[in-house]
Amino acid sequence: MDRADIPKALKSPANWGQKYSLWAVYFCTGCGVIEIPPVITSRWDAERFGVLPMATPRQANLFLVTGYVSVKTLGAIIRTYDQMPDPKYVVGFGSCPVNGGMYWDSYNTIKHLDKYIPVDGWIAGCMPRPEAIFVAVVHLWQMIDKGIATGYKRYKEDYEYYERNQREVLPHLAKFESAEPTAARDI
Amino acid sequence: MSEENLKKAIERDLEGATATVQNKGRLVAAVPKAGAVSALILLKAHGFEHLSAISCTDWLEQGEFELVYHLWSYTDKIHVMLKTRLPREAPRTVTASPVFRHAQTYEREIHEMYGVHFEGNPRLTPFLLDHWQGPPPMRRDFDTRKYVQDAFGSTPSLEEE
């Protein structure tokens, strides 16, 4: 550790701890996930940055949404994100989660991921290089240091906004089921 | 069986069928809608045991859908494109699933994407789309941009921050 980092670490030990233990949930959407295997294995070795993949969302805190998000996938993304413990960070990888990318007029692809779950950072490009993931990780460290990687707090504060958007495209999601007036199903 | 003999057999044994040999190993056959399944049975008897795909084309100007059955014979190394046309209004045809069981899945997809009804297919349930409410999306008169605007809204501008 750098000498200059000591006061920072003493000031907020939790942030300091969190930023070097990012566990990325194994969740593959779209074509961008092809960049993940070289990133986490010997070629680029994400462990140097403290990033390791985790097979279950319950023990992960970094969510890389790699590529286009179809409506069906969005349901799984929301379900996965809801399961992750706080603090959790979402990074949109590639141009498709930003504004739809090349699927901007596709009937089955959501255009702006930030409407449905809070995104902390974006990696632009189609495809971004694996190095871009490390740039994003370093940016995320800085954001955690400054205390502005607060997507998970926004999700709680503005849950109504996110829920409304989620309901708009996925009214049949399992988590909305109990809240729905299910007169037909009660019989 | 050579391409020429196959062309003769198709035109002899199927009513209203025409066939053309495009080049070596490629044959295009057109049959009326009612004869599509009998054509598949005939071709299967001639060794075309692999139905690679069923595709659908929307000929909007002519008011027709065109179904293309792609068949392949491992013994003769011939690819047959069996074409048949349906009216665009309330398109219905008979399923090919008794002849080729996996045709069920292809038909299920065409049903979802084009709204073609396959009589006798027991499983025309939603397939790839999730709780789709709109019209079949691969039809050419489906306005994708308008649908995108209505369903997903516009992307917020960057100045929000």
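**Ground rules.** Residues count from 1 along each chain as its sequence is written, and chains are lettered from A and ligands numbered from 1 in the order in which they are written. As the model is predicted, local features need pLDDT of at least 70 and side-chain atom pairs count only at pLDDT 80 or more, while totals for chains, interfaces and linings use all residues.

**Entry 1: chain A as a whole.** I looked up the helices and strands first (DSSP runs numbered from the N terminus: H or I of at least four residues for helices, E of at least two for strands). Chain A has nine helices and five strands. Along the sequence I read the pattern α-α-β-α-β-β-α-β-α-β-α-α-α-α. The radius of gyration of chain A is 18 Å, close to the 16 Å that the globule rule gives for 187 residues, so chain A is as compact as a globular protein of that length. That radius is taken over C-alpha atoms, and the rule is 2.2 Å times the number of residues to the power 0.38. Buried residues make up 36% of the 187 in chain A. Here buried means 20 or more other C-beta atoms within 10 Å of a residue's own, exposed means 12 or fewer, and partly exposed is in between, with C-beta atoms placed from the backbone.

**Entry 2: strand S3.** Is S3(A) enclosed or open? Five of the five residues of S3(A), 62–66, are buried, so the strand is largely enclosed by the rest of the structure. I checked both faces: A:Leu62, A:Leu64 and A:Thr66 are buried on one side, A:Phe63 and A:Val65 on the other. S3(A) pairs with S4(A), residues 89–93, in the parallel sense over five bridges; pairing takes at least two DSSP bridges. From S3(A) the chain crosses through helix H4(A), residues 71–83, to S4(A), and this β-α-β crossover is right-handed. In other words, with the strands pointing away from me, the path from the first strand over the helix to the second runs clockwise.

Entry 3: A:Val69 sits in the loop between S3 and H4 of chain A. I find A:Val69 buried, with 26 other C-beta atoms within 10 Å. Leaving out residues up to four places away in sequence, A:Val69 touches several others, including A:Thr29, A:Leu74, A:Cys96 and A:Leu113. Contact means C-beta atoms, placed from the backbone, within 7 Å.

**Entry 4: helix H6.** Which residues of H6(A) are buried? They are A:Ile133, A:Ala136, A:Val137, A:Leu140 and A:Ile144. These cover an arc of only 105 degrees around the axis, which puts them on the same side of H6(A); the arc is that of the directions from the helix axis to the C-beta atoms. On the other side of H6(A), A:Glu131, A:Val138, A:Gln142 and A:Lys146 are exposed. Just past the helix, A:Gly147 takes a positive phi of about 75 degrees.

Entry 5: Most residues other than glycine have a negative phi, and most peptide bonds are trans. The bond from A:Asp86 to A:Pro87 is cis, with omega near -10 degrees, and A:Pro87 lies in the loop between H4 and S4 of chain A. From A:Cys126 to A:Met127 I also noted a cis bond, with omega near -15 degrees. A:Asp45 has a positive phi of about 50 degrees without being a glycine, and is exposed, with 12 other C-beta atoms within 10 Å.

Technical notes:
Contact = placed C-beta atoms within 7 Å.
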